[in-house]
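The following exercises concern one protein chain. Please study the sequence and the structure before reading each solution.

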Amino acid sequence: AALIAANGGRDSLLAHALARDWKGLVSPVLYAAAIGLAFVHPAIAGLLYITVAVLWLVPDRRIETRMTRA
């Protein structure tokens, strides 16, 4: 939110580039599933935690794509 405010607010290129944040929506769901599955099978929970970490290690190209088009 601070980066978007510093770059022109809600109508900036950065705000439009980050509008659809699927990683931010999927991560809490996977974390919640992992917490529940930790009681059933800890290894599955561990795999879900690793999956979330890998998701966030993959670079998000939306910003670069949007900024180079402008």
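Accessible areas come from the Shrake-Rupley method with a 1.4 Å probe; for residues, only the protein chains shown count as cover. The model is predicted: local features need pLDDT of at least 70, side-chain atom pairs count only at pLDDT 80 or more, and totals for chains, interfaces and linings use all residues. Residues are numbered from 1 along each chain as its sequence is written, and side-chain values use heavy atoms, with hydrogens and water left out.

**Exercise 1.** Describe the accessible surface and the helices of the protein chain.

*Solution.* Step 1: the accessible surface comes to about 5,400 Å², and carbon and sulfur atoms hold 69% of that area. Step 2: the chain has five helices and zero strands (DSSP runs, numbered from the N terminus: helices are H or I, at least four residues; strands are E, at least two).

**Exercise 2.** Determine which residues of α3 are buried and how they are arranged.

*Solution.* Step 1: helix α3 spans residues 22-38. Step 2: its buried residues (under 20% relative accessible area; exposed is over 50%, partly exposed in between, with a 1.4 Å probe and protein chains only) are Lys-23, Ser-27, Leu-30 and Ala-34. Step 3: seen down the axis of α3, these buried residues fall within an arc of 75° (taken from the directions from the helix axis to the C-beta atoms), so they line one face of the helix. Step 4: Leu-25 and Val-29, on the other side of α3, are exposed.

**Exercise 3.** Locate Phe-39 and state whether this residue is buried or exposed.

*Solution.* Step 1: Phe-39 lies in the loop between α3 and α4. Step 2: Phe-39 has 75% relative accessibility and therefore counts as exposed.

Terms used
Expected span 1.5 Å × (residues − 1).
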